[in-house]
Amino acid sequence: MNKTQRTKHRWVDGAIVYQAYPRSFYDSNADGIGDIPGVTAKLNYLKTLGVNAIWLSPFYPSPMADFGYDVADYCGVDPIFGSLADMDKLLKQAHKRNIKIMVDLVPNHTSDEHTWFHQSRQSRENPYADWYIWRDPKGHDKNGNPTPPNNWLAMFDGESAWEWEPARQQFYLHTFDVGQPDLNWTNSEVREGVKDAMRFWLDKGIDGFRVDAVPFMAKEPKLKDEPKNPDWKPGWHGYDRLKHVNNQGWPHLFDYLSEMAAVLKEPKYAAHDRFMVTEAYPSWHNKISDYMAYYKGMDPEVAAPFNFEGIGLPWQASEWHDFLKAFHKSLDDFSPLCVASYAFGNHDQSRLVTRIGESAARSAAVLLMTLPGMAFIYNGDELGMKNGIIPPDMVQDPGAVSSEGRDPERTPMQWTPGKNAGFSKADKTWLPIADNYKTHNVRSESWNRQSFLNLYKKLGKLRNTSATLKHGDFKIIPTKHKDVLGYTRSYDKVTHTVLVNFSDKPATAKLTDKPGRFVLSSFASSKPTVIDSTVKLAAHEAVIYEL
Ligand code: GLC
């Protein structure tokens, strides 16, 4: 059975999902930090982009050690972002416009300010004693200080992942910041606790979850030492001194994720087509099998892993050709229920335009919006936003102690060419505004036919009105040019042909068949010359045809 033969269409098939990082999206109360009412205020804008769903990065009560990824209460809203009533309002207003809401779920760790951890750290006997990963010291150093149970490192600072707790005379594990203790997923009470949090939001009417940092939920059962990374060189990030084969990705991960997926299929929720997308970066060498492990290990009817090739693959036609061919074949071979979920950017990764340049980023937009499955747009990427420059006294990210950190891609959304790019009326915003805001902002781009925004709007409209782009089969086609990727999407009697020139030189693609009617080019005023089945593309141009 292929996708065309699938009878039930889910909303995720072909969905455009917009990641709103609430801190940086829109500030409704002039405190310099974006908030939930700010997202509600901009729903009509998202509608003009053709957005079908919003993924909201964490808005839960949090000491903000990791800007909300340190959750102190899974079932609340931090006052910085608003209130539960504001979330209800957002849900209502979004649903009224036929926009779904996915919330971020952070199951691997909580904040050290979560009541579970407050209890857990008090003694070895309290009811939450076994909810986190506690271990005795391995020994003591020459000064009599306890030494960590193993050599594991924390991801942000590259130092020991263990923190001493005097009250228990034990260490707790934190894969990320010291304020993010890892939950003990081998404890069924923990699993029930997180599943109850899921039910809380499902009962409120949310449509799905983006599930954070999932590989770390399943560790090597004995917490064995990690092997050294022989390739590590001074100057590299400290975390990379070791190979991380024991702190993540053990097979019981899929038992945990299946339990979570099963919540989405509980009778109360099943009828509503709820869905979860998991965050797990694949290894460089086994990426297809890494992605497939998630499809196979979860329930593809309600769960899919993010596809991060838009972030990881070099911008080269041959790389994309080989990946797409193998990946979509694996998906089709496994189950017609598999949904790809492509992301070309997020709040942890350098901006797309900064990585590959403006012209290539335009053709990346065409690629993203014509591939099967879910297309994730990180807020601001639709404007061609670039990494911001962060003066040393404004650095926020805990990850910035050992690298540039993630602040550059988190600068405020650019709405207008005015004060604070129209993001906030405050005197100071939590991060500075990136310097291309005068030209790259919603207002100015709306009036400019050539803008990124208008390209995204056109692509959004096309994707939403084309059953072929939503549900069609995917097939790589030959182009007889090493820099041009070609593929078709077909459904019913309509075929779209997409050609992407990855090079900074013009390129001529020779297809087997005529491509059909010209639909759009990544450059607003371009229309490539087509003679029979030969198409002349400009440098970095991507085009769509319809037959
Ligand atoms: C994920 C999030 C990232 C966060 C980390 C720890 O990778 O995307 O922002 O710092 O998990 O929760």
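1. How far does a polar side-chain atom of Asp 212 lie from an oxygen atom of the ligand? The separation is 2.8 Å. Polar side-chain atoms also lie 3.0 Å from a ligand oxygen at Arg 210 and 2.9 Å at Arg 406; a polar contact is a pair of N or O atoms within 3.5 Å. The protein buries 95% of the 310 Å² that the ligand exposes when taken alone (Shrake-Rupley method, 1.4 Å probe).

2. This is a predicted model, in which local features need pLDDT of at least 70, side-chain atom pairs count only at pLDDT 80 or more, and totals for chains, interfaces and linings use all residues. Residues are numbered from 1 along each chain as its sequence is written, and side-chain values use heavy atoms, with hydrogens and water left out.

3. The ligand is surrounded by 14 residues, among them Asp 66, His 109 and Glu 279 (a heavy atom within 4 Å). By class, seven are charged, four nonpolar and three polar. Domain 1 (3–107 + 188–218 + 253–460) and domain 2 (109–184) each contribute at least three residues to this shell; the bounds come from an automatic or database domain assignment.

4. Two cavities of 30 Å³ or more are found (1 Å grid over the protein atoms alone; points where a 1.4 Å probe fits but cannot get out; lining residues have an atom within 4 Å of a point).

Conventions: 1 Å grid on protein atoms, 1.4 Å probe; cavity = no way out; pocket = protein on both sides within 12 Å on 5 of 7 lines; lining within 4 Å. Points joined across faces, edges and corners; volume = space filled by probe spheres on them. Polar contact = N/O pair within 3.5 Å; in protein donor to acceptor, adjacent residues only side chain to side chain. Nonpolar A, V, L, I, M, F, W, Y, C, P; charged D, E, K, R; others polar.
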